[in-house]
Amino acid sequence: MEEIAAVYARSLFEVAQEQSKLDTVRDQLGAFADALNDSRELQTFFFSPYFSTAEKSDGLDRAVTDADPIVVNFLKLLIENHRTPAIFRVRRELDRLWRQENKRLPVQVTSAVELDQATVNQIGDRIAQQTGQKIDLSASVEPEILGGIVVRVGNSILDASIRNRLEQLRKQVARA
């Protein structure tokens with residue numbers, strides 16, 4: 001399924017890029033995927049084999065208005081090829097391609113207590129300086145890490161949490 005989603009996402013990405021509508025297509029596909037994710041009824045309708053391709057296509061025309069023709073045609077292609085359940089994976093891959101194209105790097109800062117925005121921004125600015133990329137910065141709170149921070153930059157993780165330090169200490173004691 002991942003490979004199929006990658007092929008569909010790459011194709012959509014290339015068409016949208018050729019027509020200079022990459023941001024619009026990404027936003028609209030994301031909005032449709034969010035609507036599907038939030039509605040069990042929509043999932044049942046679009047993912048179920050009990051509804052015909054024609055019924056799904058007609059439902060799409062009714063549900064999606066004012067969308068770019070690229071997005072509508074893409075969604076109809078997914079319906080015709082019975083690949084609608086891959087929409088979430090297609091979206092993830094399209095987002096990854098978009099970030100790569102726009103030199104955007106996702107950064108997630110996790111702390112035991114809520115950090116003030118200035119501190120989070122300072123961490124993001126430092127990472128942007130070191131990588132030379134624009135940063136998509138988000139912050140979250142997880143009391144389970146006890147203290148310190150965990151910073152996820154793309155696929156890399158810097159774990160400076162107390163929980164991690166205690167785990168490392170436990171392993172050292174166990175080896176001794």
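Where is the place of D66?

Modeller: D66 is placed in the loop between α4 (53-63) and α5 (69-80); helices here are DSSP runs of H or I with at least four residues, and strands are E runs of at least two, numbered from the N terminus. Some ground rules before we go on: this is a predicted model, so local features need pLDDT of at least 70 and side-chain atom pairs count only at pLDDT 80 or more, while totals for chains, interfaces and linings use all residues. Residues are numbered from 1 along each chain as its sequence is written, and side-chain values use heavy atoms, with hydrogens and water left out.

Back to your residue: phi of D66 is near 60°, a positive value in a residue other than glycine. Most residues other than glycine have a negative phi. D66 counts as exposed because its relative accessibility is 78% (exposed is over 50%, buried under 20% and partly exposed in between, with a 1.4 Å probe and protein chains only). S20 also has a positive phi, near 55°, and sits in the loop between α1 (2-18) and α2 (22-38). S20 is exposed because its relative accessibility is 67%.

Leaving aside residues up to four places away in sequence, I87 touches L29, F32, A33, L36, F47, L75 and L78, where contact means heavy atoms within 4.5 Å.

I87 also takes part where α2 meets α6, along with V90, L94 and W98, among others from α6. Partners from α2 include L29, F32 and L36. The axes of these two helices come within 10 Å and cross at roughly 150°; axes are lines fitted to C-alpha atoms over the stretch in contact, with angles from 0 to 180 degrees between N-to-C directions. That makes α2 roughly antiparallel to α6 (over 145 degrees; under 35 is roughly parallel, 65 to 115 roughly perpendicular, the rest oblique).
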